Amino acid sequence: MNKVQNNRAWWLILPMLLLVAFSAIIPLMTVVNYSVQDVFDANTRFFTGAEWFKEMLNDPELHAAVLRQFAFSLTVLAIEVPLGIGIALLMPKKGWQASAVLILVTMPLLIPWNVVGSIWQIFTRGDIGLMGWSLRELGYGYNITASPVDAWVTIILMDVWHWTPLIALLCYSGLRSIPDAYYQAARIDRASKWAVFRFIQLPKLTNVLVIGVLLRFMHSFMIYAEPFVLTGGGPGSSTTFLSQSLTTMAIGQQDLGPSAAFSLIYFLIILLVSWVFYTAIMNMQKDNKKEGEA
Amino acid sequence: MAEITLKSLAHTYLSDPKSPEDYAIREMNHVWHQGGAYALLGPSGCGKSTLLNIISGLLEPSSGDVLFDGERVNALPPEGRNIAQVFQFPVIYDTMTVYDNLAFPLRNVKTPEARVHERVMEVADVLELTAQLKRKAKNLTADEKQKVSMGRGLVRDDVSAILFDEPLTVIDPQLKWKLRRKLKEIHQRFEITMVYVTHDQLEASTFADKIAVMYEGQVVQFGTPRELFETPNHTFVGYFIGSPGMNFFDVSFRDGRVLADETELSVGPGVRRAIEGARSTNVKLGIRPEFVEVHEAPVEGGMEAVVEHAQDLGTYSIVYLRLGDTPLKARIEEDQAVPVGRAYLRFPDERLGLYVDEFRVEIDHE
C-alpha cells in the first residue's frame, strides 16, 4: 500500500485543538497571565515577573496550610485505603446480601459535599447532635469550635465516612475479578490466609488501588466544601486547608496576582505527587533490568 | 505415592436431584493406578472437571468415596491430600519471581531454605526454567507460566499425583507439542500419577497410556488409545474418537434380512445372528470410516452407494456417501482413486461393531 504524504491532514486535528484550548489551555493561561502582573483596574497593570511566586513560596501562613494539607491527605489515605480493602474483603460475594451491602456501602458517595458538611455539623453539635451530645454525656468536653484536636479528628472521621466506600467499591470489583483457580491453587499450595491476601489478592488489586489512591489523593488535596461547612477552617486556622486559603485570598481579599501564582503552585504540587506515585508503582511491576536480561 | 480409587462416586450440584440427568457425575467406580499417565477425555460439560475437583478435594462428592491407597479422604481439604493441580489458565503469583513461585509450596510448610533451594534448582532444570528464575513470573509467556504452575506441583516431595485441567488451552500450537513432550518426560522421571483432562483426543492419546472417556457424567470406556479406536464400548466413544467419527446405522432384522431403514446391508452370518438376537429396538451397527471398503466397480457382496462429495486432505481423502437414506463417510488413501457418482461398499465383518442401547455387544463370528 502506498502511503500518501499530505500535510494538510494536520487540519483535521483543529477541532480537537480548539476544544482543548477552550476547556483547558485558555483558562490556565489566564491564571498564568494574572500570576505575573499586578492588576489594579482594567487599564492599570504592572508586570511583576516572578515576584508573586517568590512571595507565595515564602509565606509562612501558606507553608502551614501546605503542611496541614499533606498531613490531612496522608492521614485519610492511610486510614481509607486499608479500611476500604478490609471492607471489600468482608463484603458478601453473592446473593441478596451482596446487593444489600453494596447499596449500604455506596450510600455516602451519593451525598453532595456541602450536604455531608451539614450532616456532620448537626451530628457533632453538643445540644442536638447525636455524636456531640453522646460524647458530652459520656463526660468528654467535645467541642469542634474550640478544640483543634476535636476539629481535626472530626474532619478526618467525616472524610473517612464519605470516601472509604469508594476504595471499598473499587477493591470489591477488583476482588470479584480474581478467577477461582487462584484460590484453588493457593489451597493446593497450602498457602495461609495471609499469603493468599499478600500474594494473590493484593497484587490483583494493584491496578484498582492505583486509581483509588490517585483519586483520593487529588480529592482530599482539593477538599473545600466539607471543612468549610463543618468548621469554617477553625478553630483559628487549624483546619484551613489549601483551597480555603486560596479562596480567601482570591475572592475575600481580591489579591488576584498572588492567588494566581499560588494556584499554579498548588496545581504543580498535585501533578508532581500524582506523577511520582504513579511512576513508582509502575516501576515496581517491572523486572529488575539487570536480572530481566538473564 | 498413591493409588486413587473412586468408589460408587456420584456428584450433583443440585440440592434435590430427581433424575440421573441432575447428576454431574453419575455413580461410578474407577481406579487410577500409582504411576500411570491417564487422560480424562470428553466434551465440555460431561463432568470431567467436576471429577478432577473431587479428586483434588476442591469439591466434596454428594455420595460415594474417594480413596487414596485405600484410605478414605472425602473430608480432607486439598491442602491435606498431597495432590497438585494445574489449571486451564496458568496460575502464578504475579509479584513473585519464578524462583519464589516454585519455592512457595515448600516455604508454606516451613521447609529449611537449603532444601528449598535444592528442590527449586532441580525442578527448574527439568522444566528448563533455570534462566528465568530471577524474573518476575508476571512477565513470562503463557507456556512458561504454565511450566511454573506445574513446577509448583513437582517441587513437593510429598505429591503423589498431579491433575491437569486442560493445561494447554492457552498455549500456542507449536509450543503445545513441546510442552506435551515435557510432560511425558516428567512423568517418566518422577513416576507420579498424572491425570490429564482434555477434550482433545490427540492431546489425550499422545499423553496418556490409558484414556477414560466421559459422557454425561459417566466413564463410558477406559482403555488404551488403540482400544478406543478399534473397539469403542459405547456409540459416543465411536463418534468422539477418530476423525471423522464412526459411522452408525440404525438396523433392524426383518424376513431374514438386516435393514438400515429400508436398505439391506450385506453382513456375515455372525453379525446377522447377533442382530436377530438383540432384545431392543435401539440396535446400531458401527464401522470406522477407515475400515469401509470402497470400490469403483460392483464387487461381490458390495452395496451400491451414492457419492455425494469428497474432501482431499493430502495423504488421504474423506468420501461422503449415502447408502439408502443413511449418510456415511469413508476414508481412502491417496493412491486409490476417488469414485465418481456411485461406489460399491463392503463392511469387513470383523470391523463391524454391534451396539444395543448404545453399548457394544460382542459378536460371535463362528
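These questions and answers walk through chain B of a predicted model.

Me: How many helices and strands does the secondary structure of chain B come to?
Reply: Start with the extent of the chain. Along its principal axes, the C-alpha trace of chain B spans about 80 × 50 × 35 Å. The secondary structure along this chain comes to nine helices and 21 strands.

Me: Among contacts in chain B between residues at least 6 apart in sequence, what share joins residues at least 24 apart?
Reply: Two residues are in contact if their C-beta atoms lie within 7 Å. Take the contacts in chain B between residues at least 6 apart in sequence. The share that joins residues at least 24 apart is 65%.

Me: Which residues of chain B does UniProt list for "domain: ABC transporter", and how far apart are the end C-alpha atoms of that span?
Reply: The unreviewed UniProt entry lists residues 4-241 of chain B under that name. This span is 36% helix and 24% strand. Its end C-alpha atoms lie apart by 26 Å.

Me: Why is strand β8 of chain B largely enclosed by the rest of the structure?
Reply: Look at both faces of the strand. Thr193(B), Val195(B) and Val197(B) point one way, while Met194(B), Tyr196(B) and Thr198(B) point the other way, and all are buried. Strand β8 (residues 193-198) is largely enclosed because the number of its six residues that are buried is six.

Me: Which bridge partner does Asp165(B) have in β8(B), and what is the handedness of the crossover from β7(B) to β8(B)?
Reply: Strand β7 (residues 161-165) of chain B pairs with β8(B) in the parallel sense, over five bridges. The partner of Asp165(B) is Val197(B). From β7(B), the chain passes through helix α5 (residues 173-190) to β8(B), and this β-α-β crossover is right-handed.

Me: How many nonpolar residues are on the side of chain B that touches chain A?
Reply: On this side, 27 residues of chain B are in contact with 20 residues of chain A. The elements giving two or more residues are β6 (83-86), α2 (98-108) and α4 (142-154) of chain B. Six residues of that side are polar and seven are charged, and the nonpolar ones number 14.

Note on methods:
Residues numbered from 1 in each chain as written. Chains lettered and ligands numbered in written order. Predicted model: local features only at pLDDT ≥ 70, side-chain atom pairs only at ≥ 80, totals over all residues. UniProt positions renumbered as here; feature names shortened; annotations may be inferred. Helix = DSSP H or I, 4+ residues; strand = E, 2+ residues; numbered from the N terminus. Nonpolar A, V, L, I, M, F, W, Y, C, P; charged D, E, K, R; others polar. Buried ≥ 20, exposed ≤ 12 C-beta atoms within 10 Å, placed from the backbone. Pairing = 2+ DSSP bridges. Right-handed = clockwise from strand over helix to strand, strands pointing away.
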